[in-house]
Amino acid sequence: MGNIAQIIVNVTAKSLNKPFSYTIPDQLCFLEVGYRVLVPFGPQKVEGFIIGITDGDTTNLKPVISALDDYAWFDDNMLRTAAWISKFYLCTLAEALRLFVPGKTGIKTEFVYSVHENTDPKETLAFLTKRPDIYQKVFSFIEINSIARLPELKAHFGENVLKIISALIAKKLVSRKTIAHSTKRIKYQNTLTLAVTKQTASTKLADLVHRPAQQRLLTLLIEKSSLTSQDLKELHIAQSTVKKLVDIRIARIIKTQILRDSYAQDFVCHPPKIALTPQQQECTRSISKAILSQSYHSFLIHGITGSGKTQVYIEAVAQTRRNNRQAIVLVPEIALTSQIVARFKAEFNDDVVVIHSRLSIAERYDAWQKLRTNQAGIAIGARSAIFAPLTDLGLVIIDEEHEFAYKQEDSPRYHARQIAEIRCRLDSAVIILGSATPSIETYYKALLNKHTLLTIKDRIDGSALPDVTVVDMREELRKGRRNVLSLPLQQLLTHTIANGEQAILLLNRRGYATFVLCRECGHVMECVHCSSTLVYHTSGNTLRCHYCQSNNAVPDTCPKCDSRYIRYFGTGTQKLEQELLKLWPHIRVIRMDQDTTCGKMAHGKILTDFASGKYDLLLGTQMVAKGHDIKNVTAVGIIAADTTLNLPDFRAAERTFSLLTQAAGRAGRGNKPGKVIIQTYNPDHYAVQSGASQDYLAFYKTEITHRKELFYPPFSQIIKITITATDEQLVRRHAEDIASQLRQIVNSQPYAEIIGPFNAATFKVKDSFRVNLIIKTLQLSTIRQHIHTLGLNEHSNVYIDIEPMNVM
């Protein structure tokens, strides 16, 4: 009899969605529920999460190898949240728990090589003497080092060393095994301090009169008490000098952990106290009352662009911190992180940590440790920050809550807003949803009093919303104007630049040309792995697939008819940049899209440079349309308002309206009036009209009517099932079989409907064909249970998306 840990192993297999039993050895008797551990699993060593501990017969049970942390990684509410995610989104519990771990796993496994324990020296010598010298050198290297890692072997002997190792393993001269180690990389700093009192140290100065370097160092230590490694380097003090003071026990070296922070050097200014507008004060009063009650409450702040929602967030976080509780602030994209971090760092300084996927795993570990140990109380980040390990969560803010980026596209396909609601309920915390264009579902719930609706109708400082002009591009063509920039937009940009003001241009297509076509035979260059056209990128002179990210050489002749008449069609951000420089040769343009924001801090640098006036015009994809508050921006041009409007998705109009309203809201946020040009081929569409007038309620009234007529959310809930296979006929048959099974169930349910199967909008991705099924229902939990009973969520080629953000 003994303690038995029930452990969820961190493996990807869907069929292993159950706990496994391991015995807890005496040396690990401190283990409790919530610990991350290393356990044997088949021939591997894997990470596991303890979800229960019982007493029982430990016969034939394997023991836990080690603990990965000095504390329980998961608290009870984190475990309960993970269990809810697994049940609601039909994913494995391991997948749900991985969300709470930076980098998805706490261990890294690798092969290591050692001399086989049963090696016969004579046989070894006989084998090696018949082989080239390199075999003897590799064997000797492994023998001398006891354990050799593959990177070390490749560094010494080149890439072909694997062939030699394989031969040594086949002859049983070398054995291979797998080792596992923690992915946590703790950074330390050595600090030199006095090992005696300052008075004693002062008496020792005379003894060092003939050792000037040591005397100088001791004098500095008496003055400063301690010196870091960087201090010693800047003072040109040799390590030998340090060692001598340590050896005679006058000084000592203290090793301290450094918690990394890429944002530590930025945003340390303290802004003047901002006087809240009456509408901001009303919001703050309602929210503060809920925060003080320490009970669950949800708010929706519907504030127009530039109305000061961020300042309301700051006031709410300040109230939460005064209550000694912690807060999470979510932004939809990394591009928005730098600006909101600047505001919060200026107000709360080191109490803020930043979490997003562009940071290294080590930096994310350090951020989580600061939060867990209460060295910081505010986490700001993109979607994944909702899983930050706060010990006393009191507030979650979701800025731009309408954004689709809060929905995870890979399993588990969670929505950060739903996770936030669950965490806040479990922790008796407050959740604030904020947007100028709330999602239809959120606003509908607010009207049903499921969220407290707070409204801010005016911009701060009394500035007006920008003047918006809709340009009908059909008329432009009829007048013979074929430039991607309409005449009104060209005139606006000329006027803006001449006045020393700045502009933002939104074109939601990156690259140079959106497709490449042979004018002789009409052949369009397509990705061989995906059913999508290749996009031409001037950087690298390549044709790139935006689905599988493959790069292809630009052909000199058509691959189908050998014609040289190849032309680039469509306009991406790269091509538009060139067009701008042709029209205004001296304009300073900076581009912000996926191609220019690969680096960790790239978004922030681009926005900082633009805001400081280094550039006249910011050009980019949708990331330039959201949340940026730059006072000198007086002009905004939206190049192709129809890009999202024509998508075969019931949310296409909502997506278009939000993007137009948000983009237009970047103009005129200072004391200068703003002007916006919207270019479209559908000027009469209600999404374009409402976006131009920035009238959310007009859009909502029309859209909610369509949703009700067509039985779409918020009047139903949706499940999307995607079936994949490398064989086109097989994927269709499998999809039809699943549809048949589901129809037998759904037909017996009231208010349920199945659409499909139908090909995904991009039918083939990475050589895999994709077919979709859509279920609309009022009984989500019932349908979800039937899907689970059928075992569809365990199929490796079937993907379940509960409440998807797109149905394509």
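## A walk through the predicted model

Setting aside neighbours within four places in sequence, proline 559 is in contact with His523 and Met525. Arginine 784 lies 225 residues away from proline 559 along the chain, and 48 Å separates the C-alpha atoms of the two.

Now for the cysteines. The disulfide count comes to 0. Cysteine 518 has the sulfur of cysteine 561 as its nearest cysteine sulfur, at 3.7 Å, and is in no disulfide; the cut-off for a disulfide is a pair of sulfur atoms within 2.5 Å. Cysteine 518 is buried, with a relative accessible area of 0%. Cysteine 527 is likewise in no disulfide, and its nearest cysteine sulfur, 3.7 Å away, belongs to cysteine 548. Cysteine 527 is buried too, with a relative accessible area of 6%.

On to the nonpolar cores. The largest one has 108 residues, and Ile721 and Ile787 are those with the most contacts inside it. What does isoleucine 787 touch, once residues up to four places away in sequence are not counted? The list for isoleucine 787 runs to Leu90, Ile719, Ile721, Leu742, Ile775, Leu792, Asn793 and Ile800.

Helix α4 (residues 133-145) has 13 residues and reaches 19 Å from its first C-alpha to its last, close to the expected 18 Å. Its buried residues are Tyr135, Val138, Phe139, Phe141 and Ile142. These residues are on the same side of α4 because they cover an arc of only 155° around the axis. Asp133, Lys137 and Ile144 are exposed on the other side of α4.

In helix α22 (residues 686-693), the buried residues are Ala687, Val688, Ser690, Gly691 and Ala692. They pack against β19 (467-472), α21 (652-664), β29 (675-680) and α23 (696-709).

Helix α18 (residues 487-498) holds threonine 496, which counts as buried at 2% relative accessibility. Leaving out neighbours within four places in sequence, threonine 496 is in contact with Glu501, Gln502, Ala503, Thr634 and Ala635.

Last, the backbone. Most residues other than glycine have a negative phi, and most peptide bonds are trans.

| Residue | Phi |
|---|---|
| Serine 146 | about 65° |
| Arginine 249 | near 65° |
| Asparagine 349 | about 50° |
| Glutamine 694 | near 50° |

Asparagine 349 has its place in the loop between α13 (337-348) and β14 (352-355); with a relative accessible area of 27%, asparagine 349 is partly exposed.

Which residues does a cis peptide bond with an omega of about -5° join? Serine 411 and proline 412, with proline 412 in the loop between β16 (393-399) and α15 (416-427). A cis peptide bond also joins proline 713 and proline 714, with omega about 15°. Proline 714 is found in the loop between α23 and β30 (717-725).

How values were computed:
Residues numbered from 1 in each chain as written. Predicted model: local features only at pLDDT ≥ 70, side-chain atom pairs only at ≥ 80, totals over all residues. Heavy atoms only, no water. Core = buried A, V, L, I, M, F, W, Y, C linked by side-chain atoms within 4.5 Å. Buried < 20%, exposed > 50% of the residue type's maximum accessible area, 1.4 Å probe, protein only. Contact = heavy atoms within 4.5 Å. Helix = DSSP H or I, 4+ residues; strand = E, 2+ residues; numbered from the N terminus. Expected span 1.5 Å × (residues − 1). Arc of directions from axis to C-beta.
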